[in-house]
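Here are some notes for a colleague who is meeting this structure for the first time. Please read them with the model open beside you.

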Amino acid sequence: MPVRSRRFLIRVTVTAAAVALGVSLAVPMAAAAAVPTAAKSVAALSVSDRATPQPVVDADAAAPRAVDLDAQFFLTIARTTLASAAGKVDVTDLQGRIDRLADPQSLSVAGATASLTALRAETAAVAEERNAYDAAAARAAAAAAKAAQQAADALAQANTPDGARATARQMAADRYGWGDGQFQCLNSLWQKESGWNYQAYNPSGATGIPQALPGSKMASAGSDWQTVAATQISWGLDYISRAYGTPCGAWSHSQATNWY
């Protein structure tokens, strides 16, 4: 039998058998056709659902160590202490401790902890020395201010007429041995000349308590002759001693001539 006739016969036979058994030949064929489509869907799903690779993070390496945080915090305190103590006390050791701990992560935990402990101790020591220095400086400044105020008060008192008289009495006795009698003459003389006013000025140019003419003569007794009664008194007593011998001699001349 020809091949083509045999194929036709087989197909007819199979089809007849399938009809007799109630099986549809379309189902396997449809299933076979669906296989490539399903394969494509699976392939597409596997590509779209593939996760993007993520770097692996070492949590222990990324997290800062507690000692590093403590070091950074205390370094700020140490540097502030260093700045406030510089020029007052020796801060060489403190600077060295700061430099040692400047990069705590480069040290082991034990090394960083030891350096931090040493830094704390040195910072406390420098702060204590700085505070002592500041306290001493404050006391010195207060003492100087008090002394300056006392000197100013004494000068102000000495520059009053009564203060000038007291200064002249004491100076006349200490330097020249002139007692109360001579002081009475001196008191009368300078009361007449200036009223014991260290700022007295005469149109003639005579100046100060002794009415020196010109006033600049009194610079030989001190550069503060314009503002300090004691300097004027010192010059005036010396002038009286050289010119008249005693205050009473000068007073007698003043009474006779109206000048001395």
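1. A disulfide is taken here to be a pair of cysteine sulfur atoms within 2.5 Å. In this predicted model, the structure holds one disulfide, and the link joins cysteine 185 to cysteine 248, with an S to S distance of 2.1 Å. The link of cysteine 185 and cysteine 248 is right-handed, with 85° about the S-S bond.

2. As for how the two cysteines are placed, buried means under 20% relative accessible area, and cysteine 185 counts as buried because its relative accessibility is 14%. Cysteine 248, with a relative accessible area of 23%, is partly exposed.

3. Helix 9 covers residues 229–243, and its length can be checked: at 1.5 Å a residue, its 15 residues should span 21 Å, and the end C-alpha atoms are 21 Å apart, which agrees.

4. Which residues of helix 9 are buried? They are Ala229, Thr231, Gln232, Ile233, Ser234, Trp235, Gly236, Leu237 and Ile240.

5. One backbone detail is worth a look: just after helix 9, glycine 245 takes a positive phi of about 90°.

Note on methods:
Residues are numbered from 1 along each chain as its sequence is written. This is a predicted model: local features need pLDDT of at least 70, side-chain atom pairs count only at pLDDT 80 or more; totals for chains, interfaces and linings use all residues. Side-chain values use heavy atoms; hydrogens and water are left out. Helices (H or I, at least four residues) and strands (E, at least two) are DSSP runs, numbered from the N terminus. The expected span of a helix is 1.5 Å times one less than its number of residues. Buried means under 20% relative accessible area, exposed over 50%, partly exposed in between (1.4 Å probe, protein chains only).
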